Amino acid sequence: MSETKPKLFLLDAYALIFRAYYAFIRAPRVNSKGINTSAAYGFTNTLLDILKRENPSHLAVVIDYSGPTFRNELYPDYKAHREATPEDIKKSVPQIKSILEALKIPLISISGFEADDVIGTLAVRASREGYMTYMVTPDKDYAQLVDENIVMYKPKSRGNEIEIWGPQQVCEEFQVPNPINVVDVLALWGDAADNIPGCPGIGEKRSKELIAKYHNLDGVYANIEDFKGKQKENLLAFREQVELARKLVTICTDVPVEDQLADFHVKEPDLEKLRTIMDELEFRSLWERLSGENKIV
């Protein structure tokens, strides 16, 4: 990792918003107007921490498209069992959009795609153009994108320090020969949160063991005679389902993103506009961080 490379931070908005909201779930932040500001406060706190601690040259926030995506076309039950988004999270999104606007930070959403696809596309593009990219998210799916110029940046959570996963950390965590083989682990394992079925009877531990041994799904099926009993039966009976899961968990890296990387250059915030928003939300401590001697940029 070269320190001379421009540093691009790409934030997965909803992953961080949900994480912030649930971090305060036992003691929500509610201002004097009765508005739950947990999600907006936690998200903004993480954002300011990155700006101050990491001093990125470029930064953008990416948010999921609100309608169906290409994965719903592949598999209509994709994310079908998800609970409805809490109203307090929905109400926090306009607050966060206002804060980003005042900070002059781009917010990107592309029709038909999820945030991880847009971030994956931008990260691959940035890697080609000589940037060091930090994908800011706690979401394990992003591990498949990691290489020498693209890392996962998992922000601090209660009791845990920041984690940065490069290729070595991903290979150790998932027991894979290369980060791209995280896709094969997830295809066998499935993802209950997204309602993606994997292979019945093969959970996290076994999927990692199999890909560690056979390297990828093709290797597993090329050596199917090594398997016995119910596991062999399931691998054969549910092969089509596993192949579908592989497509669903694979992050798309050719999304038609018109924004240019130069557009993400960190700019001086509009402090006047920001103060109005911070006063309204009653984010006094965050405003002090912004307006004090130790300014973020």
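**Exercise 1. The helix α4 and its end**

Which residue just after α4 takes a positive phi? Determine also whether the length of α4 agrees with its number of residues.

Solution. The model examined here is predicted.

Step 1. The residue is K104, whose phi is about 60 degrees.

Step 2. Helix α4 covers residues 87-103, which is 17 residues. The expected span is 1.5 Å times one less than the number of residues, so α4 should span 24 Å.

**Exercise 2. The buried side of α4**

Identify the buried residues of α4 and the elements against which they pack.

Solution. 

Step 1. Buried in α4 are I89, S92, V93, Q95, I96, I99, L100, A102 and L103.

Step 2. The helices against which the buried residues of α4 pack include α1 (13-23), α2 (38-54), α12 (271-281) and α13 (284-291). The strands β2 (58-62) and β3 (107-108) also take part in this packing.

**Exercise 3. Strands β4 and β5**

In which sense do β4 and β5 pair, and which other strands pair with them?

Solution. 

Step 1. Strands β4 (residues 132-136) and β5 pair in the parallel sense, over four bridges. Opposite I150 in β5 stands T133, while V136 stands opposite Y153.

Step 2. Strand β1 (residues 7-12) pairs with β4, also in the parallel sense, over five bridges. Here F9 stands opposite Y134.

Step 3. The pairing of β5 with β6 (residues 163-165) is antiparallel and has three bridges. In β6, I164 is the bridge partner of Y153.

Step 4. Now consider burial. Five of the five residues of β4 are buried: M132, Y134 and V136 cover one face, and T133 and M135 the other.

Step 5. Strand β5 (residues 150-154) likewise has five of its five residues buried. I150, M152 and K154 are on one side, and V151 and Y153 on the other.

**Exercise 4. Cysteines**

How many disulfides does a search of the whole structure find? Explain why C171 and C199 count as buried.

Solution. 

Step 1. The search finds zero disulfides.

Step 2. C171 counts as buried because its relative accessibility is 19%. C199 counts as buried because its value is 3%.

**Exercise 5. The largest pocket**

What is the volume of the largest pocket, and which residues lie nearest its centre?

Solution. 

Step 1. The volume of the largest pocket is about 1,200 Å³.

Step 2. Its lining has 43 residues, and Y14, F18, D64, K79 and R82 lie nearest the centre.

Step 3. At least two lining residues come from each of α1, α3, α4, α5 (115-128) and α11 (239-249).

Note on methods:
Residues numbered from 1 in each chain as written. Predicted model: local features only at pLDDT ≥ 70, side-chain atom pairs only at ≥ 80, totals over all residues. Heavy atoms only, no water. Buried < 20%, exposed > 50% of the residue type's maximum accessible area, 1.4 Å probe, protein only. Pairing = 2+ DSSP bridges. Contact = heavy atoms within 4.5 Å. Disulfide = S-S within 2.5 Å. 1 Å grid on protein atoms, 1.4 Å probe; cavity = no way out; pocket = protein on both sides within 12 Å on 5 of 7 lines; lining within 4 Å. Points joined across faces, edges and corners; volume = space filled by probe spheres on them.
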